[in-house]
Amino acid sequence: MSTKYQSVKGVKDILPGEVEKWQYMEKTARELFELYGFSEVRIPIFEKTSVFMRSIGETTDIVEKEMYTFNDRSGDSLTLRPEGTASVVRSYVEHGLYNSPSIVKLYYMGPMFRSERPQAGRYRQFYQIGAEVFGTENPEIDAEVIGMLMRYFEKLGIKGLELEVNSLGCDVCRPKFREALLEFLKEKKNLLCEDCQRRFERNPMRIFDCKSTNCHEVTNGAPTIEGYRCENCKRHFDTTLFYLDRLKISYIKNPKLVRGLDYYTKTAFEIISKDMGAQNAIAGGGRYDKLVEDFGGSPTPAFGFAIGVDRTASLIGDKSHSSLTPAVFMAALGDRANQKAFELVDSLRQKGIRVEKDYENGSLKSQLRKANKFGVRYTVILGDNEIDRGKVVVRDMSVSQQEETDISKIIEFIIEKVK
Ligand code: AMP
């Protein structure tokens, strides 16, 4: 008996009808990001496992339980990329792009892989469009890049979004905050969930990100980074907000916002949709001023974001709008007519006209039915006797009217009609 296969759990096909939205999101991103001076980089689908472990952070959910890691035939540990930034930084350092005299702006798009529990808006293969800017600490860039992202969602016609921003501090101020948080949680440790008890030891800020309502309650009244930022981080954050105001972008300051990745310093943000269920974050990002150095490059501050394409797709209207509807259907009756139709289809396509034909030698009635199903405006009808007279019939399907023209002029005739 033959086996009927199904795709792997948490992984899906993007079929025609839906894929047009994806193409539209990709095209809009390319056009807009290039306007802001970004160039595309194509990063590999897999990297050495250590690339992700050390950048994303060994105690994050991603590294602890979500990576697709395998040994290749030579025994090297490789991982399907769970996100894009680590690979872009690896590439940036490997190719010495930090020697570039100016700021480097890169964008990428493609699939990411995380072994999460699948549910609506959460997949094991999902897609991101991301952008990274290397080479400046200036908070203008934080605001400008967040601004670009908000313009992107505007262009897609998505409403009901909220921008949440925070500053996670830096090596100077974050340790003091960590101490204060540990002090606060010390007595309450046993009330935390198992995951958070582990986080308590290794990465207590991540407790703010726990989905359990119980852990939420435990953190009620906990100190936040807000009271601990150093002067430098404070200034950076205030200036970022100042420039967001200049761009007329509204935001909510959320001092408990932490990201699922450890490499962020200073600015961190998320964009939330009010029209979605539990998985309502459609983009996130921030500043990561230490990562290039951690990867062996010369110290280079950086800022970036990633958009969740699957979730964004669920928020945009239908983009299929029959963009692939052919303009012309070629109906042929008889062998010689069919051969001529075959050639004409090729000639019209060479002129950039989308055209379909019948492959079943159907009756005129059935071919016209097909033409209607395709939704074409014009059907060219060729019969053997018309060919003998050097003529073809062109039927305007919208008004059911036909006219005859010379077969030698049919290409120009159609071009004139459809342009
Ligand atoms: P992150 O790198 O985790 O900040 O993710 C950035 C964006 O990617 C999120 O805001 C989501 O929109 C999207 N995303 C992350 N994980 C998944 C997933 N498992 N399935 C679908 N989208 C995801």
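1. Basis of the notes. This is a predicted model, in which local features need pLDDT of at least 70 and side-chain atom pairs count only at pLDDT 80 or more, while totals for chains, interfaces and linings use all residues. Residues are numbered from 1 along each chain as its sequence is written, and side-chain values use heavy atoms, with hydrogens and water left out.

2. The sheet as a whole. An open sheet is formed by 8 strands in the order E1-E5-E6-E11-E10-E9-E7-E8, with mixed pairing. Strand E1 (39–40) and strand E8 (252–253) stand at its edges, each with a single partner strand, so one side of each lacks a neighbour in the sheet. Helices (H or I, at least four residues) and strands (E, at least two) are DSSP runs numbered from the N terminus, and two strands are taken to pair if DSSP finds at least two bridges between them.

3. Strand E9 and its partners. All of E9 is buried, that is, 9 of the 9 residues in 265–273, so the strand is largely enclosed by the rest of the structure; buried here means under 20% relative accessible area, exposed over 50%, and partly exposed in between (1.4 Å probe, protein chains only). Strand E7 (residues 161–167) pairs with E9 in the antiparallel sense over 7 bridges, and Asn166 has Ala268 in E9 as its bridge partner. Strand E10 (residues 281–287) is joined to E9 by 6 bridges and runs antiparallel to it, with Ala283 in E10 as the bridge partner of Ile271.

4. Helix H5 (residues 139–155) lies across strand E5 (104–113), strand E6 (125–134), E7, E9, E10 and E11, and runs at about 15° to E11. For this angle, axes are lines fitted to C-alpha atoms, for helices over the stretch in contact, and angles run from 0 to 180 degrees between N-to-C directions.

5. The buried side of H7. Which residues are buried in helix H7 (residues 194–202)? They are Cys196, Arg199 and Phe200, and they cover an arc of only 110° around the axis, which puts them on the same side of H7; the arc is that of the directions from the helix axis to the C-beta atoms. The buried residues of H7 pack against helix H3 (61–66), helix H6 (174–186) and helix H8 (213–218), where contact means heavy atoms within 4.5 Å.

6. Cysteines. With a disulfide taken as a pair of cysteine sulfur atoms within 2.5 Å, a search of the whole structure finds 0 disulfides. Cys173 is in no disulfide, and the nearest cysteine sulfur, that of Cys230, is 3.8 Å away; Cys173 is buried, at a relative accessible area of 1%. The sulfur of Cys233 lies 3.5 Å from the closest cysteine sulfur, in Cys170, which is too far for a bond, and Cys233 is buried at 0%.

7. Aromatic pairs. Rings of Phe, Tyr and Trp (its six-membered ring) pair if their centres lie within 6.5 Å, with planes under 30 degrees apart counted as stacked, over 60 as edge-to-face and the rest as tilted. By this rule the count comes to 16 aromatic pairs. Phe134 and Tyr288 form an edge-to-face pair, 6.3 Å centre to centre with 85° between the planes. Phe134 lies in strand E6 and Tyr288 in the loop between E10 and helix H10 (291–294), so the pair ties together parts that are 154 residues apart in sequence. Phe134 is buried at 0% relative accessible area, and Tyr288 counts as buried at 1%. Phe177 and Tyr228 form a tilted pair, 5.8 Å centre to centre with 45° between the planes. This pair links distant parts of the chain, with Phe177 in helix H6 and Tyr228 in the loop between H8 and helix H9 (231–246), 51 residues apart. Phe177 counts as buried at 1% relative accessibility, whereas Tyr228 counts as partly exposed at 31%.

8. Positive phi values. Most residues other than glycine have a negative phi. Asn361, in the loop between strand E13 (355–357) and helix H13 (364–374), has a positive phi near 55° and is exposed, with a relative accessible area of 62%. Ser400, in the loop between strand E15 (391–396) and strand E16 (401–406), has a positive phi of about 55° and is partly exposed at 48%.
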